[in-house]
Amino acid sequence: MTLLFLNNDLASVQDEKTAGGNQLFPVFLKLNELHTVLIGAGNVGLEKLTAILNNSKQARVTVIGENIIPGINKLALDFLQIKIVKKTFIDTDLDGADLVIAATDNSELNTYIRRAAHERKLLINVADKPELCDFYLGSIVQKGDLKIGISTNGKSPTIAKRLKEVLNESIPDALDITLQQMNNLRNSLSGDFAYKVKKLNEVTSVLVEPKPVPAKNFKWLIWFSIIAAIAIAGTALWFNEPGFKSYVQNIQPVFYYFLAAGFVFALIDGAIGMSYGVTTTTFSLSMGVPPAAASMGVHLSEIMSNGIAGWMHYRMGNINWKMFKLLLIPGIIGAVTGAYILSSLEHYSQYSKPFVSLYTLILGLVILSKALNLKKKRTTGKIKNIGLLGLGGGFIDAVGGGGWGSIVLSTLIAGGRNPRFSLGTVKLSRFFIALMSSLTFISMITGSYWAAVAGLVLGSALASPIAAKISNKISTKAIMLAVAIIVILISLKSIITFLMKII
């Protein structure tokens, strides 16, 4: 069994000598081989017994109390090694015990139990009385054979509980598979102890090695691309459409609609890592914007928002550069091809619009499915053909005005890729893909939808820096459900409206 203990107050040895600090020494006990005596059979006793059994289902525990609540009787029926003794405690009840837990609401009785335990040189835990405890029952995070114990030196069980929630959320369940694989590797190694240690160190060194960073000139490429993207978007908005200057002087109400929509959709995308394209395209189509112009608006606005997000992920070391290279070129090829085809059909937008609405409907159903299955374990094998995924994702994203995150990011994560590195890599690659598809759209479209485009660009850019900060404060499942329902309903409305016209 692999065990790991974290103590959130643990200081260095030098700090302990000079400042006192946390003097606790973390250990893990084999309670299935020890005899634990628990005095107190009320709610507190039930809490202690539940904590013991959650971590050691074969723990041998004798529960002593004058009044036994039903919850403890139920546990005794489920765990046959639990013994219940309904009686008043006397000191001889500790004869044969290895560990003692006092969970009564009588302070004098707890003091008496502690004295009786110490007379027998037994360690004792007294509920809600840190000063009387020889040891604490800390919060535990468990992922298969991995256990992480959290202690605050008795100062704040609430903080320990919150840290437990954070670690439970952050550590993937699949880590237990890694532990089993490492155990199999260790058992398969031949040679002496020193050789096994050396080989295992080589295998696990990747966990502590510094993350590879791109070459220095790549850093300048990112900066140059961001500046170029801003210049391209600004030039497109200012020079490509003669009416844009007059628009600036007399801002149309539609600008504010798309400004608000871009802001909200970018916040949602930052929270769940997907759905900006599908929500924005669905909204644009419902506002009467043709598919090609809608996709152009999405990609122009995503240049700046994904540039900012990609740069932040780059600074935080969240980029898998090998995956990035495999996604980038195929993704650009697919996006440019899709943008060219969709722009060529701009004059037939009344016919292409329902097909795009059908696509957004399908994506809405995909997001709904993911929202309802967030807790389920993924069984998909690790995806290997990343280049083909990038090609298809780029093409569909350009044609449908969205889908890069829904298709590429979700496929990578479902295929066993690290979520944090997948999100950072997809965001950065999305910047370059949005840039190239935007250039294609700008060179081919001459419509007058720059009010909507300008609103999306500004709204999404304003939302990008704060999206990451709010992402951990909102339920991902609730956001995905809301997005899915809205997209499905609006897409269905567009399809039904089209069908009504042709009937």
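Student: Why is tyrosine 340 called partly exposed?

Tutor: Keep in mind that this is a predicted model. Tyrosine 340 has a relative accessible area of 49%. Buried means under 20% and exposed means over 50%, so tyrosine 340, with 49%, falls in between and is partly exposed. You will find tyrosine 340 in helix H13.

Student: What makes tyrosine 340 part of a nonpolar patch?

Tutor: A residue in a patch needs over 30% relative accessible area, and tyrosine 340 has 49%. Nonpolar side chains, Tyr among them, are joined within 5 Å. Here Tyr340 is grouped with Ile341, Phe395, Ile396 and Met444, and together they have about 410 Å² of accessible area. Helix H13 (321-344) and helix H15 (386-400) each give two or more residues to the patch.

Student: Why does arginine 430 count as buried?

Tutor: The relative accessibility of arginine 430 is 4%. Buried means under 20%, so arginine 430 is buried. Its place is in helix H17, which covers residues 419-444.

Student: Which residues does arginine 430 touch?

Tutor: Leaving aside residues up to four places away in sequence, arginine 430 touches Val298, His299, Glu302, Asn306, Asp397 and Trp404.

Student: How do you know that aspartate 93 and lysine 87 form a salt bridge?

Tutor: Side chains of opposite charge can pair when their charged atoms come close. The cut-off for a salt bridge is 4 Å between nitrogen and oxygen. For aspartate 93 and lysine 87, the closest N and O atoms are 2.8 Å apart, so the pair qualifies. Aspartate 93 is buried, at 18% relative accessibility, whereas lysine 87 is partly exposed, at 26%.

Student: How many salt bridges does the whole structure have?

Tutor: A search finds four. One of them joins the side chains of arginine 120 and aspartate 95, at 2.8 Å from N to O. That pair links distant parts of the chain, 25 residues apart. Arginine 120 sits in the loop between helix H4 and strand E6, and aspartate 95 in the loop between strand E4 and strand E5.

Student: Why are arginine 162 and glutamate 165 separated by about one helical turn?

Tutor: They are three residues apart in helix H5 (residues 157-170), which means a separation of about one helical turn. Arginine 162 is partly exposed at 44%, and glutamate 165 is partly exposed at 40%.

Conventions. Residues are numbered from 1 along each chain as its sequence is written. This is a predicted model: local features need pLDDT of at least 70, side-chain atom pairs count only at pLDDT 80 or more; totals for chains, interfaces and linings use all residues. Side-chain values use heavy atoms; hydrogens and water are left out. Helices (H or I, at least four residues) and strands (E, at least two) are DSSP runs, numbered from the N terminus. Buried means under 20% relative accessible area, exposed over 50%, partly exposed in between (1.4 Å probe, protein chains only). Contact means heavy atoms within 4.5 Å. Patches are made of residues with over 30% relative accessible area and no salt bridge: like charges are joined within 9 Å, nonpolar side chains (Val, Leu, Ile, Met, Phe, Trp, Tyr) within 5 Å. Accessible areas come from the Shrake-Rupley method with a 1.4 Å probe; for residues, only the protein chains shown count as cover.
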